[in-house]
Amino acid sequence: MSRALVPGSFDPIHNGHLDVIARVATQFDEVIVTVVVNPNKSGLFTVDERVEMLAQATTHLQGVRVATWQGLLVQFASESGATAIVKGLRNAADFDYEVQMAQMNRRLTGVDTVFLGTDPVHSSLSSSLIKEIARLGGDVTTMVPAAVHDRLLARLAEHA
Ligand code: PNS
């Protein structure tokens, strides 16, 4: 059984994430979308809310489950039996950042990272930009799943 991790903050999941997860799900028997908890960073959504939105958005994808992890990602890869970490690459800046982490992760435990080039339709997406645009009243309906869109607007309204 082949198993891969797709890690991230997912605060919140957007359509670029979803595209990568869907494509990876065709390549591995099991994909564990891993919400990595950073205790020093408070998000717009709680970790439980992110997990809920991810689970909802990936319910149609076979072999995909959602988990949380705090600590070294390679440790979770070992514990869960995942043989690969999968990342989407939007641009050269992503590459520079991600390749260093990939090399370090391989150095730590030998786990390899597989990169998928983002579909150009989604390459301008980031959770931070989407939150900023929505906060400023811009339209993000084409950038996130519909359920996430509703929760995003509701959460921002609470903070307004
Ligand atoms: O969505 P993000 O914020 O770009 O995700 C980055 C993330 C969480 C995947 C990355 O920071 C990570 O893997 N953190 C886990 C901690 C870890 O293993 N750090 C050493 C990396 S070499």
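Me: How many residues of the lining of the largest pocket are nonpolar, polar and charged?
Reply: This is a predicted model, with residues numbered from 1 along each chain as its sequence is written, and local features need pLDDT of at least 70, side-chain atom pairs 80 or more, while totals for chains, interfaces and linings use all residues. Side-chain values use heavy atoms, without hydrogens and water. A pocket is an open set of 1 Å grid points over the protein atoms alone where a 1.4 Å probe fits, with protein on both sides within 12 Å along at least five of seven lines; lining residues have an atom within 4 Å of a point. With Ala, Val, Leu, Ile, Met, Phe, Trp, Tyr, Cys and Pro as nonpolar, Asp, Glu, Lys and Arg as charged, and the others, Gly among them, as polar, the lining has 15 nonpolar, 16 polar and eight charged residues.

Me: Where does the ligand sit?
Reply: A molecule sits in a pocket if more than half of its atoms lie within 2 Å of the pocket's grid points. By that rule, the ligand is in the largest pocket.

Me: Which residues surround the ligand?
Reply: The shell around the ligand holds six nonpolar, four polar and one charged residue. With a heavy atom within 4 Å as the cut-off, its members are Pro7, Gly8, Ser9, Val36, Gly71, Leu72, Leu73, Lys87, Met101, Met104 and Asn105.

Me: What is the distance from a polar side-chain atom of Ser9 to an oxygen atom of the ligand?
Reply: A polar contact is a pair of N or O atoms within 3.5 Å. For the side chain of Ser9, the distance to a ligand oxygen is 2.6 Å.

Note on methods: A polar contact is a pair of N or O atoms within 3.5 Å; within protein, one must be able to donate a hydrogen and the other to accept it, and residues adjacent in sequence count only if both atoms are side-chain atoms.
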